[in-house]
Amino acid sequence: MNNLAVIRNFMVDNQINYLLVNSTNEFLVEYNTLEENSRYKLTNFSGSTGEALVTPDNVYLFVDGRYHIQADLEVDHENITVVKLQQGQKYIEELLNLIPENESLGLFSKKNSQAKIEKIASERNIILFSVDPLDEICENSTVENIVLDITLTGLSSEEKIAKFSQNLAADEAIYITDCDEVSYLFNLRDFSQNFSSKIKGKAIILKDNSVLFTLKNLEKSEEYLKTLDKKIFVDKSSINGYDYNLIGDRARELKNNPVKKMKSLKNDAELNHLKDAFKRTDKAVYAIRDYIEHNDNISEFDIAVQLEKEFKKQGALGLSFNSIVAKDKNSALAHYSKSSKDEIIKDGSLVLIDCGGYFEGGLATDITRVFVKGEPSEFHKKIYTNVLKAFLQAFNFENPQNGYEIDKKVREFFDTQDLDGFVFNHGLGHGIGINVHEYPPNLSSHEMAKVPFENGMCFSIEPGLYKENCFGVRLENSCYFVDGKIHSFVNMNYEKKLIDYSMLSEQELKWLDEFEVL
């Protein structure tokens, strides 16, 4: 029986006409494995984010601008309708528009945050299910929970927890279910998983104690929660509905999550580790540039394999995400990740590489560069230089307050240029930490991007231009905010062959010199 039939039988058995199928797991992680990704099993769309609504006569797949083209390429359009969310469109609103007011929506409680469940429940009737029929029972994989040295973290686990636990009353507790936050608080990492350094775990923080549940004893957390006679504060944006229901009337909303904020403000030890990690990342990317330039008859796949080798030469314990190696028209897919053996780099081929690694501190690096085999066309240079100008203006934004205003400046710049049908269809940047995507901060047109920058915040600046069946250019530097200015972790130079220097102002030429170090 195929997976769509499994889902439809489940809906019939439970007498529902609408069901949401998620991409995540009970920890609500962004980068879930495909083996645990029910939305992938249903639609064959392999992107990291995006959910599917099953209705009586259709399946709707919601994807943002990074995945419009990829979703079209991967799904069976006879059974799947791709809903391409545009900048400013809100996913929940578009979802609800497809569900009649008198109908109920089925939700898997372990795979949706309590905040999301409450948002949907305010507009439609919902029915919660604890078991997803597409989940497979699997043995816990081997984990390697490593305790980091304080030289990498700057603070001990006890010092981090004490910063907010001391404010708890004796009858209060905080329940932490976000894996990034648990990993951060307890200075633990697991490098045994692909594209991740976080451990899988949950924790209870008490005034004078803390209790950590990892995969080895995770089942005990349910019984502990049921018997804990305290007011339990939770972040509704990161706790799943199943865990929230276990707490019941003892639950209290943690409106300003102190761990999320603390985690986003990197201390000197963490910043120093990231500076070192990015030096090694720069070297890996520079080596792959030479590999492309000096080797013939190589494929996207060959480059991806060599790229991982270069990261490991630099001491990386793993990649921070599945590297994007995309040539020519594939580079128009913002999150293309197939790295095909059949896509051979030829003279004049444009190659976009978006990659990053985890080194011993378990904080992600992230960089995007675009190279060319041989000589580029004038059209390549025009688009590349426009993206470079956008980056330089964003990076050198005077007195930056938040990511919203910088994103706005880049969009206004692109709107003034003749871009021949190329579009910028994603946010300008994202926070960086244990996960390659972290919040806060954010650089986009969303309200969340109005959160003020603070010392120690780390984020990417990555303008891009893409045109389907043509090519795409994205240039990404990971940065940090200190003393009112944006500083770059990345010092990898830009591709001189692709720059039309006549398009750059004198000021932009001076700014560009800062990255001419490799």
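I began at Pro441, which lies in strand S20, where strands are DSSP runs of E with at least two residues and helices are DSSP runs of H or I with at least four residues, numbered from the N terminus. Before going further I noted that this is a predicted model, in which local features need pLDDT of at least 70 and side-chain atom pairs count only at pLDDT 80 or more, while totals for chains, interfaces and linings use all residues. I also noted that residues are numbered from 1 along each chain as its sequence is written, and that side-chain values use heavy atoms, with hydrogens and water left out.

Entry on the cis bonds. I looked up the peptide bond from Pro440 to Pro441 and found it cis, with omega near -5°. I then turned to the bond that joins Tyr439 and Pro440, which is also cis, with omega about -10°. Pro440 has its place in strand S20, which covers residues 438–443.

Entry on positive phi. Which phi does Gln15 have? I read a value near 55°, which is positive in a residue other than glycine. Gln15 sits in the loop between helix H1 (3–13) and strand S1 (18–21), and at 73% relative accessibility Gln15 counts as exposed, a term that stands for over 50% relative accessible area with a 1.4 Å probe and protein chains only, whereas buried means under 20% and partly exposed is in between.

I next looked up Asn44, a residue other than glycine with a positive phi, near 70°. Asn44 is found in the loop between helix H2 (38–43) and strand S2 (51–54), and its relative accessibility of 41% makes Asn44 count as partly exposed.
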